[in-house]
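Biologist: Please show me the sequence and the structure. Then let us go through the pockets and the rings.

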Amino acid sequence: MRVLYLTRCANKFSAYEEFDCTEEFFKDGKFSFLEKKRKEVFKLLKAKKPKKGASLWRIYKDKFWEGLHMHVMPKAVKERIFERTIVLHPIMGMLSPEDKVCKWEISCQPKFMSPWKEELSKYLSNDDFLVFNFLPSSFEKLIPKNIKIVNFKYSIKDKPLRDSSLVKAYTMRYIVEKDITSIEDFKKINFLDFTVEGIKEETQSITVYMTSEGKYSIKKAGII
């Protein structure tokens, strides 16, 4: 069973830039087979054409992407993320973090991802994937029902965590660094004082419940 990490793009960019943007980037990268649809969606969304762009992982700037600390990851770990991660994007559809992307001013909210629901479903259904879901709960309708998916639920002092962006980044970092690929290893996941409280397994989904006593500041521990 192959492992995938499912994430999304961000609405903020860093100042980093690598190249001048042209539509030719629609046919580059791991998911170049989406070129035709990308051009159609680009016109549909009437996105403003930016002047600059860069590799995806270098320019996205929000709690999740900054919390991954990819700029200080060992090469082998970073390559694992490149190989296994699908980043949802309203114009490009699906991307690897190493793929080139332009700094389009377009929202990464789920309603703008809906044109790609069919393509995502086809891609994930073509193989025996175990998908670690690091998307916000609002993206639930985009995820195919016929794939094996792992969701994470977080609580601090028995209260649900409202914004789990940073904590999801820590979770993904731990899973990638330890190369966790099996259900048997889920109980090992831990960071700060978050530990696995329970695991609920159903036919097509696994929910990992993680809890914390709040001994450490999530915000201070997260972005450097």
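**Pockets and rings**

Modeller: Helix H2 (56-59) and H3 each give at least two residues to the lining of the second largest pocket. Helices (H or I, at least four residues) and strands (E, at least two) are DSSP runs, numbered from the N terminus. This is a predicted model: local features need pLDDT of at least 70, side-chain atom pairs count only at pLDDT 80 or more, and totals for chains, interfaces and linings use all residues. Residues are numbered from 1 along each chain as its sequence is written, and side-chain values use heavy atoms, with hydrogens and water left out.

Biologist: What volume does the second largest pocket have?

Modeller: A pocket is an open set of points on a 1 Å grid over the protein atoms alone, where a 1.4 Å probe fits, with protein on both sides within 12 Å along at least five of seven lines; lining residues have an atom within 4 Å of a point. A volume is the space filled by probe spheres set on the points, joined across faces, edges and corners. For the second largest pocket, that is about 260 Å³.

Biologist: Which element gives the largest share of the lining of the largest pocket?

Modeller: The largest pocket has a volume of about 750 Å³ and 37 lining residues. Elements giving two or more of them include S1, helix H6 (165-178) and strand S8 (148-156). The largest share is five residues, and they come from S8.

Biologist: Why is the pair of Tyr5 and Phe132 tilted?

Modeller: Rings of Phe, Tyr and Trp (its six-membered ring) pair if their centres lie within 6.5 Å; planes under 30 degrees apart count as stacked, over 60 as edge-to-face and the rest as tilted. The structure holds 19 such aromatic pairs. The centres of Tyr5 and Phe132 are 6.0 Å apart, and the pair is tilted because the planes stand at 50°.

Biologist: Is Tyr5 buried or exposed?

Modeller: Buried means under 20% relative accessible area, exposed over 50%, partly exposed in between (1.4 Å probe, protein chains only). Tyr5 has 0% relative accessibility, so Tyr5 counts as buried.

Biologist: Which ring has Lys37 over its face?

Modeller: A charge sits over a ring if NZ of Lys or CZ of Arg is within 6 Å of the ring centre and within 35 degrees of the ring normal. Lys37 lies 5.0 Å from the ring centre of Trp116. The ring is that of Trp116.
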